[in-house]
Amino acid sequence: DRFEAPLTQIAAQFPDLLGWRSALALFYAEIGRTDDAIREIDRMLGYGIASLPKRNEWLGMLVGLGLAGAAVGHQEAVSVVRRLAAPHSDELVVLGYASFCWGATTCLLGVAAGAMADWSGAERHFSAATELNRRLGARPALARTLYHRGRVLLASGSSRRAGRALTEAAMLARDLGLWRLAQKAAAEMPR
């Protein structure tokens, strides 16, 4: 794939910038290369991420690690992400010297809680993320939050609520031209 070569090269060239390694792990998880994703996650955890300095890419690195960990069922990764991100629950994840806002950190906490089957914790975090992203008018972040919320609701057995979240995510993503997210949300909708 056209993204793998640049991601692996950058991750190798800048091994101390774990944001690139987390992007690579998430890329592998997204395309179904679970073993490669787990290898990258384990490599990141081996760096001792809890003791890393909190530079501008730190929360973004946690997003990649947490989403990849949740996607491949890496419980250690989601547990570490949940613990490290919790003190930042009232913050936004902003990357690249403010060139990109992923949205509310509480969305990441919701994903981590859901991956650990803490359904009430996940719902609390997703509610906070949804409210903050709506209040800020952060529509792309809101679409991502609704998508992740829908997936966790599906996993918890709440298919009707999941369908509502995924429908709203798909419609909002479509309105914003986020075609891949719209397709993923539509594909996840309960039948």
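Helix α7 contains both Arg 135 and Glu 131, which are four residues apart, about one turn of the helix. The model is a predicted one. A salt bridge joins the side chains of Arg 135 and Glu 131, with an N to O distance of 3.0 Å. Arg 135 counts as exposed because its relative accessibility is 56%, and exposed means over 50%. Glu 131 is partly exposed, with a relative accessible area of 43%.

In total, the structure holds 14 salt bridges. One of them links Glu 30 with Lys 184, where the closest N and O atoms are 3.0 Å apart. Since Glu 30 lies in helix α2 and Lys 184 in helix α10, this pair ties together parts that are 154 residues apart in sequence. Glu 30 is partly exposed at a relative accessible area of 36%, and Lys 184 is also partly exposed, at 22%.

A further salt bridge is formed by Arg 39 and Glu 40, with 3.1 Å between the closest N and O atoms.

| Salt bridge | Closest N to O distance |
|---|---|
| Glu 30 and Lys 184 | 3.0 Å |
| Arg 39 and Glu 40 | 3.1 Å |

## Arg 21 and the salt-bridge network

Which residues are linked with Arg 21 in a network of salt bridges? The members besides Arg 21 are Glu 4, Arg 33, Asp 36, Arg 39, Glu 40 and Arg 43. Arg 21 is located in helix α2, which covers residues 18–30. With a relative accessibility of 6%, Arg 21 counts as buried, because that value is under 20%. The side chain of Arg 21 makes a polar contact of 2.5 Å with the side chain of Glu 40. When neighbours within four places in sequence are left aside, Arg 21 is in contact with Ala 11, Ala 12, Glu 40, Arg 43 and Met 44.

## Helix α8 and its surroundings

Helix α8 comprises residues 139–156, 18 residues in total. Its first and last C-alpha atoms are 25 Å apart, close to the 26 Å expected at 1.5 Å a residue. Just after α8, Gly 157 adopts a positive phi of about 95 degrees.

The buried residues of α8 include Ala 141, Leu 142, Ala 143, Thr 145, Leu 146, Tyr 147, His 148, Val 152 and Leu 153. Among the elements that cover the buried residues of α8 are helices α4 (58–72), α6 (105–115), α7 (119–136), α9 (159–176) and α10 (179–188), together with strand β2 (100–104).

Is Arg 144, a residue of this helix, buried or exposed? Arg 144 is buried, as its relative accessible area is 16% and the limit for a buried residue is under 20%. Not counting residues up to four places away in sequence, Arg 144 touches Phe 100, Cys 101, Trp 102, Gly 103 and Leu 181. The C-alpha atoms of Arg 144 and Trp 102 are separated by 8.6 Å, although these residues are 42 residues apart along the chain.

## The strand pair

Strand β1 (residues 92–95) pairs with β2 in the antiparallel sense, over four bridges. Val 93 stands opposite Gly 103 of β2. Gly 103 is also among the residues that Arg 144 touches. The two strands, β1 and β2, form a hairpin with four residues between them. Within the turn, Gly 96 has a positive phi of about 55 degrees.

## The aromatic pair

How many aromatic pairs does the count come to? The count comes to one aromatic pair. The pair consists of Phe 27 and Tyr 28 and is tilted, with 5.8 Å centre to centre and 50 degrees between the planes. Both Phe 27 and Tyr 28 are buried.

Notes. Residues are numbered from 1 along each chain as its sequence is written. This is a predicted model: local features need pLDDT of at least 70, side-chain atom pairs count only at pLDDT 80 or more; totals for chains, interfaces and linings use all residues. Side-chain values use heavy atoms; hydrogens and water are left out. The expected span of a helix is 1.5 Å times one less than its number of residues. Buried means under 20% relative accessible area, exposed over 50%, partly exposed in between (1.4 Å probe, protein chains only). Contact means heavy atoms within 4.5 Å. Rings of Phe, Tyr and Trp (its six-membered ring) pair if their centres lie within 6.5 Å; planes under 30 degrees apart count as stacked, over 60 as edge-to-face and the rest as tilted. A polar contact is a pair of N or O atoms within 3.5 Å; within protein, one must be able to donate a hydrogen and the other to accept it, and residues adjacent in sequence count only if both atoms are side-chain atoms. Two strands pair if DSSP finds at least two bridges between them. A salt bridge is a side-chain nitrogen of Lys or Arg within 4 Å of a carboxyl oxygen of Asp or Glu.
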